[in-house]
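Trainee: I have some labels to check. Can we take them one by one?

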Amino acid sequence: MTINREIQPRRGALALEYCRFDPDAYEQPAVALRLDVEHNDAEQPVHRHRKGQLVLALRGGVTCEVPKAIWMVPPQHAVWIPGGMPHSNRATDNARIGFLFVEPGAAPMPDECCTLAISPLLRELIQHLADQPPVYPGEGATARLVAVLLEQLAAAPVEQLHLPVSRHPNIRRIVDALTADPADRTTLAQWAPRLAMSERTLARLVAKETGLTFGRWRRQLHLIVALRQLAAGASVQQVAGHLGYDSVTAFITMFKKALGLPPAQYFAALR
């Protein structure tokens, strides 16, 4: 089986090219793949595999959707997806994505999805592995590199950059509306009659299904959209306007409260 280790897909070809690589065809403890995305018109289809998967944003941003959550992968971060979990990925234009597939039991990784901060060493180890053939002996230079890589991966800090969602049709309707128009400022009181519910019942539903109040949940969606757009090269002013903030200052305040730094400093720290 011949594998192109560094794939440069054509327009809209992320799903097609990615699905040609079957990580479960290899018994090695870890294999890696790298993709350069010029344009991405379609989301990768929902799929699953035996190996756990690390989705790493080497350039640009990636959004991963799993049951009950959307995970944003800003630059120099990665999302860990346990083996067997259905998921789909969407990349920003001109993104470079690294995929690391880890055999179950090869490293003590979380049983749930999580966002990991990736050190420069771990990032370079994953990129180096992506340049190696996926089949390698159990002893040798690549095997030793993988042992160090998995040790570093297990120690990577966890960060909370995800949006809890739900399969409940009313929650999905709100998600779809806010994803299509993040600047939508429809209140919970205005949503309730649209969904044939009382405001109190809808508030309880949102809290039950997402673990957040409606206001906090919408701010988390804004944060994910902002990270994705900023990673794609949009300016702070453009993102603030797209999200419907009255001023750039108000947007920066929200961003800093959530992530500890204003946008420019946050992305500078990642680099």
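Trainee: What makes A196 exposed?

Mentor: Exposed means over 50% relative accessible area, buried under 20%, partly exposed in between (1.4 Å probe, protein chains only). A196 has a relative accessible area of 73%, so A196 is exposed. This is a predicted model: local features need pLDDT of at least 70, side-chain atom pairs count only at pLDDT 80 or more, and totals for chains, interfaces and linings use all residues. Residues are numbered from 1 along each chain as its sequence is written, and side-chain values use heavy atoms, with hydrogens and water left out.

Trainee: Where is A196 found?

Mentor: In the loop between helix 5 (188–194) and helix 6 (199–210). Helices (H or I, at least four residues) and strands (E, at least two) are DSSP runs, numbered from the N terminus.

Trainee: What is the phi of A196?

Mentor: About 55°, a positive value, although A196 is not a glycine. Most residues other than glycine have a negative phi.

Trainee: Why is K68 called exposed?

Mentor: Its relative accessible area is 55%, so K68 is exposed. K68 lies in the loop between strand 4 (62–66) and strand 5 (69–73). Its phi is positive too, near 75°, and K68 is a residue other than glycine.

Trainee: Why does V66 count as buried?

Mentor: V66 has 6% relative accessibility, so it counts as buried. V66 is in strand 4.

Trainee: Which residues is V66 in contact with, leaving aside neighbours within four places in sequence?

Mentor: W71, M85, P86, H87 and C113. Contact means heavy atoms within 4.5 Å. As for S88, its C-alpha atom and that of V66 are separated by 6.9 Å. The two residues are 22 residues apart along the chain.
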